[in-house]
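Q: Hey, I've just opened this one and I'm new to it. Can you walk me through it?

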Amino acid sequence: MSSPDQSLSLRLSMSRALARIGLRASGVIVALVAWQVVCELGLANLDLVPSPIDVARAFVDLASSGVLFEDAAHTVGATLMGWGIAAVAGVVVGAVLGVSHVARAYASPAVDLFRTFPPIAFVPVALVAVGLSVRLEIVVIVAGCVWPILIGTTDGVRGISAEKHDLARVLRLGRLARIRKIVLPAALGGVMVGLRVGMGLALVLAVTAEMIGNPSGIGYAIVRAGESLHPDRLYAYIVTVGILGVALNVAVVALSERLVPQPRRRQ
Amino acid sequence: MLRSVTTMTQDDRASQDGIGPARHATVYECREVSVVYRTHRDEAHTVLDGVTFDCQSGEVLTFVGPSGVGKTTLLRLLSGLIKPTSGSVCFEGEPVRRTPQGVVLVFQDYASALLSWRTVGRNVALPLEGRMSKREIDKRVDDALSQVNLGDWKNEYPWRLSGGMQQRVQIARALASDAQVLLMDEPFASIDAITRAKLQDLLLEVRRRTGLTVIYITHDIDEAIYLSDRVFVLSGRPASMQEEVEIDVPTPRSQVETRELPEFLDARRRLHAALRAEYSSEGAGQAP
Ligand SMILES: Nc1ncnc2c1ncn2[C@@H]1O[C@H](COP(=O)(O)OP(=O)(O)O)[C@@H](O)[C@H]1O
Ligand SMILES: [Mg+2]
């Protein structure tokens, strides 16, 4: 008796989920349709702008030949590696700066100066130092995305209320237990903001470093497609970068929601 | 259960040593305690001046005073969070340097005293971790939560609980860690009157069952009388002990009858008089 009921409610909740996805994607869909219409009607004289359908076709071609996955794997690998190194360095240094006002007094002017340097400017230096290898992308990524992670962590640690420090002392927690059980979890919100911003930067920096430095991955594929006058492929690669960016962001958000239960989020 | 065993051994030891039952042992001794804060313009700001009192094991001692008088400062001294500028604060005969073993401070602001990323059960377990086996911790957490009637909320996050329930979690955390002394800083001040009455009764109940010593801070005179064996009035600028009132109100106490007893009303009259004297002398002091 209950099975038609269940399948009905299942179908209802599925259609509701689909509707929600449709709602969120509506901006993208409208833009794609408008783009297709502009191309079809020849409204703009843009020989180098392919229609979405051309791009989709190129995307499928590249994906089925396996080239796309190879390039994407290289870029994602470099992104994750650089981001991971920046995460470890940024969290450790950021925590030290957050805890010690002496360290902060000495280091924060340097941090404020270094983080204004454009990371791409490190490409020529990195070329000489590490040559044409994935290490070049990693150097550039770390140089760029260590800063938001470091600053997020420092702010997170500094933002811990005096009451939390009192609590640790009143409960007679040791130094290590205090850092592990109170300081780091309390700072995790700030750390996670830094990690998210850092992840977005890392992908962009990987692609850029590949375009002007190490000739590999999606960045170099974009250059190749442009030079060989294949705008459909060029856009297919750009779309790939977008998809990867969204996926990496979703992954970091999922990680942060697992690690930090949100007091203000209620179902 | 656990606690009654501890109390018994203490009693035994005390009677063997010939110093009488343990509940008359002095827990805290404060002698001529003064606290001077430095303001941001580096001026000296004396908050407490020559505060002297003893607290015996098993009693409920309450300090009443207007806000800003230095009540929180006094509890921070007792819990070792700050040191006196002069005078001495001793716990069981030793000067307090850090929070003594067996002393737990219950904060007024329950929201920041509980860790939002830990469940209720794991909040209660926090002071026990690394000090005993997982099974022992589990047993104590369950026991403490059921003492404050929160057994069903173990796996919930504290921010999903009402204020009164969160305050009960703090009390459970103290009970689980075998606290012998609870220092409570206006613990029920931001809780509605009906829930507050329930929490007061819970505290009296726990205290009767476990023989806890409680040093309690409030600005509510009725609450002070209802809970306490002795009440001190803290007033003046800088604050000093103005009045000590022994509360002869019989136990067990009840919210309605106790508050109508002549002993209760008498204590109430004396405490109000002491606090009123402070206001009028303050007014006189400020007159040009
Ligand atoms: N860390 C501090 N530095 C300087 N002044 C303080 C500090 N803490 C409290 N005070 C001052 O000491 C006085 C007493 O504060 P407090 O003990 O919190 O009072 P109460 O708890 O009775 O309301 C207040 O005037 C307050 O401004
Ligand atoms: Mg206070």
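Q: Which residues does Leu182(B) touch, leaving out those up to four places away in sequence?
A: This is a predicted model, and in it Leu182(B) has contacts with Val104(B), Val106(B), Ala174(B), Leu203(B), Leu212(B), Thr213(B), Val214(B) and Ile215(B).

Q: Okay, and which residues have the most contacts inside the largest nonpolar core?
A: Leu182(B) is one of them, along with Val124(B), Met184(B) and Ile225(B). That core has 52 residues.

Q: Which helix gives the most to it?
A: Helix H6 of chain B, residues 163-176, which puts in seven residues.

Q: What about another core, apart from that one?
A: There's one of 43 residues, including Leu78(B), Trp117(B), Val181(B) and Ala239(B).

Q: What's the radius of gyration of chain A?
A: Chain A comes out at 24 Å, while a compact globule of 267 residues would be near 18 Å. The C-alpha atoms of chain A fill a box of roughly 75 × 70 × 30 Å along the principal axes.

Q: How much of chain A is buried?
A: Buried residues are 36% of the 267 in chain A. The accessible surface of chain A is about 15300 Å², and carbon and sulfur atoms hold 68% of that.

Q: And how many positive and negative side chains does chain A have?
A: Chain A carries 23 positive and 16 negative ones, with the centres of the two sets 19 Å apart.

How values were computed. Residues are numbered from 1 along each chain as its sequence is written. Chains are lettered from A and ligands numbered from 1 in the order in which they are written. This is a predicted model: local features need pLDDT of at least 70, side-chain atom pairs count only at pLDDT 80 or more; totals for chains, interfaces and linings use all residues. Side-chain values use heavy atoms; hydrogens and water are left out. The radius of gyration is taken over C-alpha atoms; the globule rule is 2.2 Å times the number of residues to the power 0.38. Buried means under 20% relative accessible area, exposed over 50%, partly exposed in between (1.4 Å probe, protein chains only). Accessible areas come from the Shrake-Rupley method with a 1.4 Å probe; for residues, only the protein chains shown count as cover. Lys and Arg count as positive and Asp and Glu as negative; His and the chain ends are not counted. The place of a charge is taken as NZ of Lys, CZ of Arg, CG of Asp or CD of Glu. A nonpolar core is a set of buried Ala, Val, Leu, Ile, Met, Phe, Trp, Tyr and Cys residues joined through side-chain atoms within 4.5 Å. Helices (H or I, at least four residues) and strands (E, at least two) are DSSP runs, numbered from the N terminus. Contact means heavy atoms within 4.5 Å.
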